[in-house]
Amino acid sequence: MKIRESTPADFPHVRQMLADAGLPSEDFVAEYLAYVAEDDGRVVAAIGFQRFNSVGLLRSLVVEEGTRFKGLGRKLVSALERHAVEQDVREIWLLTRGEDSYFLALGYDVRDREDVPAAIRRTAEFSELCPDDATLMSKKPG
């Protein structure tokens, strides 16, 4: 399995993966796709990122069912965090439903919705697509 930066050609497949996994894809555009994992030339996992100056929103980590529990998610999060540090992002935010313990194990902390930066608050993912019961988390990468 290989982790690499995404290309525009990856987008249609990844968007379908998001929809198949029940993750928000309505506002997900090719520019948000950051990294993918390939197995035999086929994309089997992906992670997205929206940057807002010194903060960013981790978008939709998705791993195909048959390739889960092989560390691909962790590798993608790690690649994204390294990229964020290179881009001077000081804090990464995310919303999750049911994966709190996964992200806690990766060093993310649960946060109150009142704490979210204004730029993240204005995203469709925060304001419309993820329900109020989604857990808000953040981490300072690096």
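Visitor: How many aromatic pairs does a search of the whole structure find?

Guide: The search finds 4 aromatic pairs. Rings of Phe, Tyr and Trp (its six-membered ring) pair if their centres lie within 6.5 Å; planes under 30 degrees apart count as stacked, over 60 as edge-to-face and the rest as tilted. Please note that this is a predicted model, in which local features need pLDDT of at least 70 and side-chain atom pairs count only at pLDDT 80 or more, while totals for chains, interfaces and linings use all residues. Residues are numbered from 1 along each chain as its sequence is written, and side-chain values use heavy atoms, with hydrogens and water left out.

Visitor: Why is the pair of Phe28 and Tyr32 edge-to-face?

Guide: Their ring centres are 6.0 Å apart and their planes stand at 80°, so the pair is edge-to-face. Both Phe28 and Tyr32 are buried, where buried means under 20% relative accessible area, exposed over 50%, and partly exposed in between (1.4 Å probe, protein chains only). Together with Phe11, these two residues form one aromatic cluster.

Visitor: And Tyr102 with Phe103, how far apart are they centre to centre?

Guide: The distance is 5.3 Å centre to centre, with 90° between the planes, and this aromatic pair is edge-to-face. Tyr102 is partly exposed, with a relative accessible area of 22%, whereas Phe103 is buried, at 6%.

Visitor: Which residues have the most contacts inside the largest nonpolar core?

Guide: They are Ile47, Leu58, Val77, Phe103 and Tyr108, in a core of 23 residues. A nonpolar core is a set of buried Ala, Val, Leu, Ile, Met, Phe, Trp, Tyr and Cys residues joined through side-chain atoms within 4.5 Å. The elements that give two or more residues to this core are strands E2 (33–39), E3 (42–52), E4 (55–63) and E5 (91–96), and helix H2. Helices (H or I, at least four residues) and strands (E, at least two) are DSSP runs, numbered from the N terminus.

Visitor: Which element gives the largest share of this core?

Guide: That is H2, which provides 6 residues. Helix H2 covers residues 72–86 and reaches 21 Å from its first C-alpha to its last, close to the 21 Å expected; the expected span is 1.5 Å times one less than the number of residues. Its buried residues are Leu72, Gly73, Leu76, Val77, Ala79, Leu80, Glu81 and Ala84.

Visitor: What is Val77 in contact with, leaving aside its neighbours within four places in sequence?

Guide: Val77 is in contact (heavy atoms within 4.5 Å) with Ile47, Leu58, Leu61, Phe103, Leu106 and Tyr108. A second, separate core has 11 residues, including Met17, Leu18, Leu33 and Ala46.

Visitor: Changing topic: how many salt bridges are there?

Guide: The count comes to 8 salt bridges, each being a side-chain nitrogen of Lys or Arg within 4 Å of a carboxyl oxygen of Asp or Glu. One of them joins Arg59 to Asp27, with the closest N and O atoms 2.8 Å apart. Arg59 lies in strand E4 and Asp27 in the loop between helix H1 (11–20) and E2, so the pair ties together parts that are 32 residues apart in sequence.

Visitor: Are Arg59 and Asp27 buried or exposed?

Guide: Both Arg59 and Asp27 are buried.

Visitor: Which residue forms a salt bridge with Lys2?

Guide: Glu38 does, the closest N and O atoms being 3.9 Å apart. Lys2 is partly exposed at 46% relative accessibility, while Glu38 is buried at 15%. Lys2, Arg4, Asp10 and Glu38 are linked in a network of salt bridges.
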